[in-house]
Amino acid sequence: MKLQGDIYSILQSTNDTAGYEFRIQLNSDSPIYKGHFPGNPITPGVVIIAIARELIEHITGQKLQLTVVQSVKYTSILSPIISPTVKYIISTTSDGDIVNAKISVTGDSDTFARMSLKWTKI
């Protein structure tokens, strides 16, 4: 299931030697938020990771499957109402079919998540 266009839209993307930065807009009208939780929507952790996968697929041009969760730390609740625009800051390295990624999900004044994940190209 592709989340881009339903749950989020990419507003801007940049890259430099340190990595990539995607500024995205969360869609509070997406059906996922109607069930999680009506009237007070929050972004499920699995969706935060799924967005990261799609962004890294955009970077690599490859389909990916999550194979190792080295660390995931959710530090604040991500509400599409309170923080409709967030940044995914991603640095990647590749070793053959393995893509290592360090990801931070941030807002204007909050960090929502920090992750270190390994993906396999499929």
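**Charges, fold and core**

The protein carries 11 positive and 10 negative side chains, and the centres of these two sets lie 4 Å apart. Lys and Arg count here as positive and Asp and Glu as negative, with His and the chain ends not counted; each charge is placed at NZ of Lys, CZ of Arg, CG of Asp or CD of Glu.

The model is predicted: local features need pLDDT of at least 70, side-chain atom pairs count only at pLDDT 80 or more, and totals for chains, interfaces and linings use all residues. Residues are numbered from 1 along each chain as its sequence is written, and side-chain values use heavy atoms, with hydrogens and water left out.

Two helices and six strands make up the secondary structure; these are DSSP runs numbered from the N terminus, with helices being H or I of at least four residues and strands E of at least two. Along the sequence they follow the pattern β-β-α-α-β-β-β-β.

Now the core. A nonpolar core is a set of buried Ala, Val, Leu, Ile, Met, Phe, Trp, Tyr and Cys residues joined through side-chain atoms within 4.5 Å. The largest one has 30 residues, of which Ile51, Tyr88, Ile103, Val105 and Met115 touch the most other members. At least two residues of this core come from each of β2 (19-26), α2 (45-60), β4 (85-95), β5 (98-106) and β6 (111-121). Helix α2 gives the most, with nine residues.

Contact means heavy atoms within 4.5 Å. Leaving aside residues up to four places away in sequence, Ile51 touches Leu3, Ile7, Tyr8, Ile24, Leu26 and Tyr88. Of the contacts in the protein between residues at least 6 apart in sequence, 61% join residues at least 24 apart.

Glu57 is in helix α2 and counts as buried, at 12% relative accessibility. Beyond four places in sequence, Glu57 touches Gln62, Lys63 and Leu64. Ser91 lies in strand β4 and is partly exposed, with a relative accessible area of 28%. With residues up to four places away again not counted, Ser91 touches Ala18, Gly19, Asn100, Ala101 and Lys102. Between the C-alpha atoms of Ser91 and Pro44, which are 47 residues apart along the chain, the separation is 22 Å.

Definitions and conventions: Buried means under 20% relative accessible area, exposed over 50%, partly exposed in between (1.4 Å probe, protein chains only).
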